[in-house]
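Reader: Could we go through the domain arrangement of this protein and how its parts meet?
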Amino acid sequence: MGKENIIPILQEAKSLCEKNGMEVWLPSDLEEFNLPELLGVPTKQVLPRPEIFKHLDMAFSFGGDGTLIHLARQIYEYDVPICGINLGELGFLNQIELVDMEDRIKKIANGEYRVENRIHLAAEIRTPHGVKKLTPVINEVVITHEKPGRMARINLSINEGYTQMYPADGLIVACSTGSTGYNLSAGGPIMAPDNHSIIVTPVAPHLLQSVSLVLKESARIDLTMPQRQEKLHICIDGTFDYQFSNEDSLHIEASALYSRYVRFYDVKFFATLFRKLSARRDELL
């Protein structure tokens with residue numbers, strides 16, 4: 001709710017939805033902003049999360065990619081597709097720009113869209129004392145030294161077979177959604193959304209180990225560290241932070257459930273991606 005002019009945008013979106021025969025529901029945590037009253041949403045259609053997800057056919061996200069990822073993390077278990085309305089800068093994941101909102105909502109009402117299933121990752125820390133499940137990974141897991149700026153030593157095993165040790169600033173494990181994030185900045189490959197591969201990309205590696213690995217969806221990844229390395233830092237989606245020690249292992253694999261996103265037939269992934277990257281580049285020059 002921190003975006004400028006968000007209330008008029010939400011009011012317009014609600015009006016367009018109702019004009020096209022769609023009911024609008026709101027999560028009750030938005031009551032603190034007086035949103036149900038401002039939008040005229042009936043009390044019976046204002047429910048807490050996650051209860052509200054059981055009643056939805058589609059969820060709209062208003063904001064940038066971070067807002068959409070936050071919603072995806074909450075809603076994927078309920079098999080509800082998300083449609084992102086872009087209020088951010090790049091908005092790779094969002095399908096609707098404000099200027100197109102009326103046309104796109106009409107297309108949704110007419111069933112002129114498809115639902116794209118994307119993998120996301122499940123991660124857990126395995127310790128001598130048990131297993132700690134981490135928050136669902138929509139973009140990527142980044143493993144670095146516990147102290148910023150120092151080189152990490154990270155052992156990589158794939159499908160229970162030791163692969164190699166990476167002396168590097170860090171290691172990124174990403175899915176296709178995260179391929180256009182930190183992975184891209186680190187020189188990793190861009191994956192089409194329907195590519196269910198898992199990417200492993202080193203960050204500023206020492207020696208000649210800068211090549212990314214592209215693994216099958218079924219791959220099981222285990223990360224450990226040599227005894228000389230006491231701890232490593234884990235960051236999920238740039239938001240959730242953890243640590244693990246040289247007695248532990250970090251296990252990562254594809255989640256059994258998919259995140260689901262609304263896609264329009266005339267929006268092409270790579271054309272949109274490079275158009276937005278080019279526009280961003282021009283802004284910075």
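Author: Between the centres of domain 1 and domain 2, taken over C-alpha atoms, there are 30 Å. Domain 1 covers 5-113 + 264-284 and domain 2 covers 121-256, with bounds from an automatic or database domain assignment. This is a predicted model, in which local features need pLDDT of at least 70 and side-chain atom pairs pLDDT 80 or more, while totals for chains, interfaces and linings use all residues. Residues are numbered from 1 along each chain as its sequence is written, and side-chain values use heavy atoms, without hydrogens and water.

Reader: How many residues does the contact take from domain 1 and from domain 2?
Author: Domain 1 contributes 11 residues and domain 2 contributes 14 residues, contact being heavy atoms within 4.5 Å.

Reader: And what area is buried between domain 1 and domain 2?
Author: About 970 Å² is buried, 79% of it from carbon and sulfur atoms; this is the accessible area (1.4 Å probe) that the two parts lose on being put together, summed over both. Ile69, Arg73 and Phe269 lose the most area on the domain 1 side, together 50% of what that side buries.

Reader: Which residue forms a salt bridge with arginine 73?
Author: Aspartate 237 does, with the closest N and O atoms 2.5 Å apart. A salt bridge here is a side-chain nitrogen of Lys or Arg within 4 Å of a carboxyl oxygen of Asp or Glu, and the rule finds one across the interface of domain 1 and domain 2.
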